[in-house]
Amino acid sequence: MNDGRYFISPKGTTQPRTPESLDAAPGSSATKAHRGGGAAWLGTIVLDSAAFDLVEIMQGKHHRIYDRAFGKDRAFWSEASPYHRLTTAPARMLVVCSTRRDEACPQAQPFASKAVKLGGRVVVLPVDMKHGEINKKLGLPSDYTTTVESFMRSLGLP
């Protein structure tokens with residue numbers, strides 16, 4: 001059921017993405033979506049993205065999957081980067097990141113800091129889980145699930 005209050009972003013594909021389809025992009029371009037006729041959303045939950053600043057990633061040593069997804073066009077990296085696209089306060093966000101991945105939380109923190117400086121409310125939730133566990137364990141009884149559900153309730157969701 002989708003009553004218009006939820007945005008589901010499928011993950012796990014290695015196909016090239018457009019800037020509009022990136023996992024954190026809804027939270028970083030809410031105003032643009034609303035102007036385009038979309039309903040304003042209440043908030044965004046990002047589950048373990050390690051790609052907030054694509055320019056930084058692509059200019060440094062990185063996994064090959066990024067080359068397949070984002071190519072060699074530096075202008076596209078900036079256009080596709082949630083960090084670089086963030087120019088106004090985003091809708092409230094909860095950013096879950098794995099402490100077991102070297103790049104996940106270090107990518108999330110500067111994004112969150114920039115959003116807060118712009119007037120947004122972003123919480124980074126580091127969790128001691130593997131990437132796949134973050135998806136699989138959400139909904140199971142745990143402090144992790146309780147935190148995510150509390151964030152959802154804070155947005156007025158059931």
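These notebook entries record what I looked up in a predicted model of one chain.

**Ground rules.** I number residues from 1 along each chain as its sequence is written, and I work with heavy atoms for side-chain values, leaving out hydrogens and water. Since the model is predicted, I ask for pLDDT of at least 70 for local features and 80 or more for side-chain atom pairs, while totals for chains, interfaces and linings use all residues.

**Entry 1, overall make-up.** I took helices (H or I, at least four residues) and strands (E, at least two) as DSSP runs numbered from the N terminus, and I find 9 helices and 3 strands in the chain. Read from the N terminus, the order is α-α-β-α-α-α-α-β-α-β-α-α. For burial I used relative accessible area with a 1.4 Å probe and protein chains only, where buried is under 20%, exposed is over 50% and partly exposed is in between; of the 158 residues, 38% count as buried.

With strands counted as paired if DSSP finds at least two bridges between them, I see 3 strands in an open sheet, ordered S1-S2-S3 with parallel pairing. S1 (43–47) and S3 (122–127) are the edge strands and have a single partner strand each, so one side of each is left without a neighbour in the sheet. From one strand to the next, the twist averages 15°. I followed the pairing of S1 with S2 (residues 92–98), which is parallel and runs over 5 bridges; within it, Gly43 has Arg92 of S2 as its bridge partner.

I compared directions using axes fitted as lines to C-alpha atoms, for helices over the stretch in contact, with angles from 0 to 180 degrees between N-to-C directions. Helix H7 (residues 104–117) packs on the sheet, where it touches S2 and S3, and its direction makes about 165° with that of S3. Helix H9 (residues 143–154) lies across S1, S2 and S3, and runs at about 165° to S2.

I counted a salt bridge where a side-chain nitrogen of Lys or Arg is within 4 Å of a carboxyl oxygen of Asp or Glu, and the count comes to 5. In one of them Arg101 meets Asp48, with the closest N and O atoms 2.5 Å apart. Arg101 sits in the loop between S2 and H7 and Asp48 in the loop between S1 and helix H3 (54–59), so this pair ties together parts that are 53 residues apart in sequence. Arg101 is partly exposed at 21% relative accessibility, whereas Asp48 is buried at 2%.

A further salt bridge joins Arg100 and Asp128 at 2.8 Å, N to O; Arg100 is in the loop between S2 and H7, and Asp128, 28 residues apart from it, is in the loop between S3 and helix H8 (131–136). I note Arg100 as partly exposed at 45% and Asp128 as exposed at 56%.

Which residues are linked with Arg100 in a network of salt bridges? I find Asp128, Glu133 and Lys137 in that network with Arg100. Between Lys137 and Glu133 the closest N and O atoms are 3.7 Å apart, and I read Lys137 as partly exposed at 37% and Glu133 as partly exposed at 21%.

Notes
Contact = heavy atoms within 4.5 Å.
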